[in-house]
Amino acid sequence: MQSPDAAVREWAKDNNRIILHSGAHAANVLGLSTQVPAHMVYYTDGETETRKIGPWNIEFVHQEEQVMGLRGNMASLIMLALSSIGPDHITPLMIGKIRSILIPEDINDLEYNMRMIPPWMKAVVKNIVQPP
């Protein structure tokens with residue numbers, strides 16, 4: 001049986017939609033949070049709606065171009081996770097964990113996306129891509 005994520009990605013491709021993990025789901029996928037979201041939420045460039053895909057009820061939440069225009073799968077996952085966690089709860093351990101999984105392309109994408117993120121997140125991303 002196909003995973004929920006694979007089913008949603010297939011649906012998005014078939015329906016010409018851009019989708020991203022929600023921030024809470026992104027934090028869990030990256031191992032920055034042990035909390036598993038109670039229901040599956042994806043951000044989309046389409047309408048906000050709940051849709052049954054396979055056996056799963058999936059919530060799609062419309063997001064602005066600033067969010068949907070993030071470049072790079074890993075970079076967007078990181079930025080959505082950071083946004084969900086918030087500036088007061090990001091730890092050095094989390095930064096180290098993110099840093100350890102990056103490849104050069106991800107670093108380039110993070111740097112590119114810095115023009116679209118709030119100042120507090122820019123400081124965190126700089127710390128990730130340019131360690132002291």
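What do the buried residues of α6 pack against? In this predicted model, the partners are α4 (73-85), α5 (92-101) and α7 (119-129). Helix α6 itself runs over residues 104-113, and its buried positions are Asp 106, Asp 109, Leu 110 and Asn 113. Looking down the α6 axis, these buried residues stay within an arc of 100 degrees, so they line one face of the helix.

Helix α7 can be read in much the same way. Its buried residues are Met 121, Val 124, Val 125, Ile 128 and Val 129. Viewed down the axis of α7, they fall within an arc of 125 degrees, so here too the buried residues line one face of the helix. The cover over them includes α4, α5 and α6.

Now for the pairing of α4 with α7. Their axes come within 11 Å and cross at roughly 130 degrees. On the α4 side, the contact is made by Met 79, Leu 82 and Ser 83, which meet Trp 120, Met 121, Val 124, Val 125 and Ile 128 of α7. Sorted by class, this contact has 7 nonpolar residues, 1 polar residue and no charged ones. Met 121, Val 124, Val 125 and Ile 128 turn up again here, being listed among the buried residues of α7 as well as in its contact with α4.

Asn 16 is found in the loop between α1 (4-14) and β1 (19-21), and its phi is near 55 degrees, a positive value in a residue other than glycine. Most residues other than glycine have a negative phi. Asn 16 is also exposed, with a relative accessible area of 68%. Val 36, for its part, sits in the loop between α2 (23-29) and β2 (40-44). With a relative accessible area of 64%, Val 36 counts as exposed because the cut-off is over 50%. Between Val 36 and Trp 11 there are 25 residues in sequence and 22 Å in space, taken C-alpha to C-alpha.

Note on methods: Residues are numbered from 1 along each chain as its sequence is written. This is a predicted model: local features need pLDDT of at least 70, side-chain atom pairs count only at pLDDT 80 or more; totals for chains, interfaces and linings use all residues. Side-chain values use heavy atoms; hydrogens and water are left out. Helices (H or I, at least four residues) and strands (E, at least two) are DSSP runs, numbered from the N terminus. Buried means under 20% relative accessible area, exposed over 50%, partly exposed in between (1.4 Å probe, protein chains only). The arc is that of the directions from the helix axis to the C-beta atoms. Contact means heavy atoms within 4.5 Å. Axes are lines fitted to C-alpha atoms, for helices over the stretch in contact, and angles run from 0 to 180 degrees between N-to-C directions. Ala, Val, Leu, Ile, Met, Phe, Trp, Tyr, Cys and Pro count as nonpolar, Asp, Glu, Lys and Arg as charged, and the others, Gly among them, as polar.
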